[in-house]
Amino acid sequence: MLEINNQYTLFKRQIDTEVLKSFFNGTLEEDVDKLPIKLVPKSKNTSRCCIYKERAMVRYRIMEFLGINIEKDDDEYKPLSEYARAVLNEDPEELPVLTTISAGCYGCPPEQYRISDACRGCFARPCTVNCPKDAIVFIDGKAHIIEEKCIKCGKCYGVCPYHAVLHLPVPCEAACPVGAVHKNEEGVVGIDHDKCISCGKCTMSCPFGAIAERSGIMPVVKMLKRKEKTIAMIAPSIEGQFPGTLSQIKSALLKVGFSKVMEVARGAEVTSVTEAKEVEERIENNEGYMTTSCCPAYMGLINKHLTFLKPIHSTARTPMGYTAEIAQKEFPEYKRIFIGPCLAKRVEGAYTPEVDGVINYSELAALFLALDIDVVTQEKADLGDTSVYKDCRNFAITGGVASCVLCRAENKDKLRTLKIDGLDKKNVMLMRTWAKKPPEVDLVEVMCCEGGCIAGPGTITKPSLAMRMRGRE
C-alpha cells in the first residue's frame, strides 16, 4: 500500500476543495472548466509527460469527485460545466463505486522478480537450492532468472543473504485479494465488478491514481446548501482522523450545516448485543463458529467468493444499519448521512433504505477546508450520555468488535475468538480452508483493513497516529 501522505492524495484533496468552494459560492458551472488550468499553471513542474496530460488528469479527478462513472460516461468533447450542470440537477447513479481512468494508467509490466547488481555469486547459492522450478542459473558468476520457468513464488527473494533479488509487483493487482483487478484488451487497468468486493485496496495502491472512487459528496452538499434537516452519522473510526477531539469534530459538523450528529457507536452497541446472543445460541445448539457481520467488504467476499460462509456469519445488522434505523425512528423527517472510512460503506449505503448518503473522511476534510473550518479551534459540543456504548468506539480497531461482543455475552470467559486482521490473498486462502477444516473457535472477527477501520481507504491519518489521537476527550 502507498504511504497515506503522498503527492497524489494531497493534490486530489486540493482539487476536491476547489470544486467545493465553487459549489458553495454558486459558481461551479462557471469555474469548473478553468480549474485544470488554475491548478496546473504553466509554471508548475509536472510529474507526467507534459502539462496538458497533467491538466487532463485534473479533469478526470473533477469528474470522479462529481460522481461521474468515467468508464461509462467519458466524452472528451463534453465540457466539465455540462457534467457539473447535470450533477447539480440530478444525482448520478450510486453504483458501481469504483471507476478507472485509462489515461492515468501506465500499463505496468507483469509482476516479476529480477536479480540486481548486489548479487555476489556466493557459494551457498540458496536461491538456486530453494527454487522449485530450476529457474535460476548462474552466468559469469551472477544469478539470472529464466522468466519462462519462474512461477513468482518469491522463495529466492526470501533467502538471498545480499537482498539481491528484487520483487517488482503490479501494485493494484497485488493488493486486490480476490483477483478483480486486471489488464484489459488495451493493456490498461480494468475492474471485474462481478468479483470486486469494494475493499478499496486498489485505490490505495496505484501510484498513478488510475483507479478512483466515484465520490458521493455532491448529493450531500446539495442537501446542506438547501439547509435540509440532516443527521451526520459518524463512524467510530472518525476519532483520531482530525486534529481535534470527538466533541470538536461534532461541533465542526454542526458548523458545516448538519442539523444533528449521531455516533454510529450507538448502533454498534445493538450489533454487539445481537451478536453476543447469536454466538451463545450457536454454542448451545452445537452449530459451530460464527463470524461477525460488520465489515461490508467481508460481506462482499462471502457473497461473491466464499459462499459457504453465508450461513455462518451473524445476521445482525451493521452499526451503520442499526444507527440509521434508530435515527429514522427518532427523527423521521431528517435525511441520514453516514460519514465513514471506506468505499465499501458506499455500497452498503446504496442497499440500505434508511441511509440517504455516504461520504468518507477525505471528502469531509475537503469540505472543512472549503468552508474554512478548523476542527481543533471549535468549542467542544455535548456528546450526551455515551456510557452504554462508549466501548463500542473500539469497533474501529482490530479486536474491538470481538471485545464488545464478549463484554455483552453471559459466558464471555468461555468464548474462544479468532481475529482476521486484513483481507489479503493469504487470509482469503486461509479462510477457504475453513470449508473442510473449520477453525476451533466460537467467534471470528473479520476486518478487511489491517489494523481495522482506522486504516480504511477513505481515511486521512496514519493508523499509528490515529491510535495516539483517539480517546483524548
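Begin by selecting α1 (residues 7–25), the element that contributes most to the lining of the largest pocket, with six residues. Helices, such as this one, are DSSP runs of H or I with at least four residues, strands are runs of E with at least two, and both are numbered from the N terminus. You are looking at a predicted model, in which local features need pLDDT of at least 70 and side-chain atom pairs count only at pLDDT 80 or more, while totals for chains, interfaces and linings use all residues. Residues are numbered from 1 along each chain as its sequence is written, and side-chain values use heavy atoms, with hydrogens and water left out.

Now show the largest pocket itself, which has a volume of about 830 Å³. Of the 38 residues in its lining, I4, M204, G456, P457 and T459 are the closest to its centre. Besides α1, the elements that give two or more residues to this lining are α10 (201–205), β8 (211–213) and α17 (361–370). A pocket here is an open set of points on a 1 Å grid over the protein atoms alone, where a 1.4 Å probe fits and protein lies on both sides within 12 Å along at least five of seven lines, and lining residues have an atom within 4 Å of a point. The volume is the space filled by probe spheres set on the points, which are joined across faces, edges and corners. If you colour the lining of the largest pocket by class, you will find 16 nonpolar, ten polar and twelve charged residues; Ala, Val, Leu, Ile, Met, Phe, Trp, Tyr, Cys and Pro count as nonpolar, Asp, Glu, Lys and Arg as charged, and the others, Gly among them, as polar.

Next, select P296, G300, V347, E348 and Y351, which lie nearest the centre of the second largest pocket, among the 24 residues that line it. This second largest pocket has a volume of about 600 Å³, and α14 (296–304) supplies the largest share of its lining, six residues. Its lining divides into 13 nonpolar, eight polar and three charged residues.

Turn now to the aromatic rings, where a search of the whole structure finds six pairs. Rings of Phe, Tyr and Trp (its six-membered ring) pair if their centres lie within 6.5 Å, and planes under 30 degrees apart count as stacked, over 60 as edge-to-face and the rest as tilted. Select F23 and F24, an edge-to-face pair at 5.1 Å centre to centre with 75° between the planes. F23 is buried, with a relative accessible area of 5%, whereas F24 is partly exposed, at 23%; buried means under 20%, exposed over 50% and partly exposed in between, with a 1.4 Å probe and protein chains only. Then select F242 and F368, whose ring centres are 5.3 Å apart with planes at 75°, so this pair is also edge-to-face. F242 lies in the loop between β9 (230–234) and α12 (246–256) and F368 in helix α17, so the pair ties together parts that are 126 residues apart in sequence.

Finally, select the cysteines. A search of the whole structure finds zero disulfides, a disulfide being a pair of cysteine sulfur atoms within 2.5 Å. For C196, the nearest cysteine sulfur, that of C202, is 6.3 Å away. The sulfur of C392 is 3.9 Å from the closest cysteine sulfur, in C404, which is too far for a bond, and C392 counts as buried at 0% relative accessibility.
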